[in-house]
Amino acid sequence: FLTGAPGDPATRLYVVEQGGRIRVIENGVLQTTPFLDITTLVLGAGTNSEFGLTGDNEQGLLGLAFHPDYQTNGFFYVYYIAPRGSTFVFNGQTYDNGRSLVVRYTRATTNPLVANAASAFTIMRIDQPFTNHNGGCMAFGSDGFLYIGTGDGGSGNDPGNRALNPNDLMGKMLRIDVNSDGFPADVNANYAIPADNPTSWPTSTGTTTTIRREIWAVGLRNPWRWSFDRQNGDLWIGDVGQGDWEEGNWVPGNGGPGRNYGWRVREGLWTTGLSGGSFGATALTEPVFQYAHDAQSRGGFPLGTSANWGQSITGGYVYRGTAIPGWRGRYFFADFVSNRVWSVRGINGVATDYQIHTTQLGNPASIGSFGQDNNGEMYIVQTFGSPQIRRIVPSALSNSLSPADIVQIGGVPGPDNALTGDDFIAFINAFSTGDLMADIVGIGGTRPPDNQITGDDFIAFINAFAGN
C-alpha cells in the first residue's frame, strides 16, 4: 500500500510492506530507517522465525490510515494479522489462523520520519477462522470516522455464512469512532460506535434483526482495495470474487450506511445458489460494474473479446490530480492475475466509458494496490515477483498538447492531439455543470490546473481553441 499523511508535503510517501514494515519515500529517496518495523509481531507469508509458524500469502501487514489530526496528535493506525495459537496442518506444514488487529501508533516527537514503536495501543481484535480473505484496507471518511474493510474469513463459499451474519464482523465494512471508548471494560475494543450506524437490518419476512453496531455495510467477500473519492466522498470498493466474477461497488458520498452487497448469495450480478438466510437475501445493492473470469463465454465487461479478463480485482482511486486533466473523475482499478488496468467514469451510480490503460502504463505486473499522494496524483504498487512503486506521470505527448484538447473523437475523455467540435462541446458542458474536466489552467491562466473552475479556464480554453 502507499499513501500520504494529512498535512505532510506531497513529496513524502508511506509504503506498507506486507512483512511488517512501513517505509518512507522522501523527495523520491527511500529512507534507510523504517517509519515503523513490527515484523516480529506480524504473521505473514512464509515462516515467521519469531513463532515458527507458516502464514498464508494473504496475511501480513495489510492496511494503514493516518488520523485526520495527524499533524497535531501524531496518531496513525495499522491493520495486521497476528498469531493467535489456533493452528491447522496442511500439506505437512503448520499454519496459524491468525487474528486481525487494528492498532494505533504515534509519531516520534523528535523525528517526523520515525514512529514510536513503543506506543502501540490496540483498537480492535477479530479472530480469523482461516488464513485468507483478511481484508485490511482502512481509511478515514470525511465524517472523521475510521472505515475498515474485512474479508469473509476465508476458505471457499464462506462456509460460516459470516459475510451475511449480522453478529459477525467479517465480510463487512465497519465504521468506528477512534476518538472515544464505548467499551471501557474490554481491552481489545478501544473505540465507540457512531450514533448513525445501523441498529437493525431488514429481513425477507418484513421484520428486522439486530446487528453488531460496528457494521456499516454487509455482504463483502474480500474488499481489496477500496477508497473514498477525495472530491465528493464517493466510496468505491473492489470486491474479489470466487470462481466467476469480480465486482466494483459504489456508494455516493451522501449515501449513508445499510447496504448489502450480497455475498454469499450473489457473486457480482449472479446468484450462487448458496443460502444466506432471510437476512442475506433482502435489499441487495448491485455492483456498478463486474467482469468475468472467462469473458468469452460469460460476457459482462464491454472491452473487446479477451478470453480471460482476470481473477482478482485490485481496487484503486478516482483520479483527482492535476498532472493529467483528461483523467479527472475516472476511477482506476486493476486485476492482480491478468495484470490489466482499466478506468471507468461513475455517473449517477452507473459506470460508463470503460477504458483500458495496461499498455499505456507500461504493462505493470502483480498490482497489489494503487496509491495516492496529497496532491491526488496516483501510483501503482507492484508486489511479489517485481516489487516496484510506479508514479503515473504525463507522457511527453500530453505535456505538449493544447489545453483545449480535453476529449477524443466522440467526446470520450482524454486528449487525442486534435481540436474538434467535440472538445468545444465537452468544455462548455463541463464548465456549465462544474465538472473538473473544464479545469484546464490555474489562477492567472497558467498551467497546471488548480481544482477550481473560474473565468480563467473559460478564457484559456477559448484562446487555445481559436489559436489552433
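This is a predicted model: local features need pLDDT of at least 70, side-chain atom pairs count only at pLDDT 80 or more; totals for chains, interfaces and linings use all residues.
User: How do α5 and α6 pack? What angle, and how far apart are the axes?
Analyst: Helix α5 covers residues 421–433 and helix α6 covers 455–467. They pack at about 175°, with axes 11 Å apart. Angles over 145 degrees count as roughly antiparallel, so α5 is roughly antiparallel to α6.

User: Which residues meet there?
Analyst: From α5, Asp423, Phe424, Phe427, Ile428 and Phe431. From α6, Asp457, Phe458, Phe461, Ile462 and Phe465.

User: Switching to the cores. Which residues touch the most other members in the largest nonpolar core?
Analyst: Met124, Leu146, Ile148 and Phe289. That core has 41 residues.

User: Take Leu146. What is it in contact with, leaving aside neighbours within four places in sequence?
Analyst: Ala65, Val102, Met138, Ala139 and Phe140. Also Leu174, Arg175, Ile176 and Val178.

User: What does the second, separate core include?
Analyst: The second core has 36 residues, among them Val42, Tyr70, Tyr317 and Trp327.

User: New topic, Ser204. Where does it lie?
Analyst: Ser204 is in the loop between β17 (200–202) and β18 (208–210).

User: Is Ser204 buried or exposed?
Analyst: Exposed, because its relative accessible area is 51% and the cut-off for exposed is over 50%.

User: How far is Ser204 from Gly277, in sequence and in space?
Analyst: The two are 73 residues apart in sequence. In space, Ser204 and Gly277 are 8.8 Å apart, C-alpha to C-alpha.

Conventions:
Residues are numbered from 1 along each chain as its sequence is written. Side-chain values use heavy atoms; hydrogens and water are left out. Axes are lines fitted to C-alpha atoms, for helices over the stretch in contact, and angles run from 0 to 180 degrees between N-to-C directions. Helices (H or I, at least four residues) and strands (E, at least two) are DSSP runs, numbered from the N terminus. Angles under 35 degrees count as roughly parallel, over 145 as roughly antiparallel, 65 to 115 as roughly perpendicular and the rest as oblique. Contact means heavy atoms within 4.5 Å. Buried means under 20% relative accessible area, exposed over 50%, partly exposed in between (1.4 Å probe, protein chains only). A nonpolar core is a set of buried Ala, Val, Leu, Ile, Met, Phe, Trp, Tyr and Cys residues joined through side-chain atoms within 4.5 Å.
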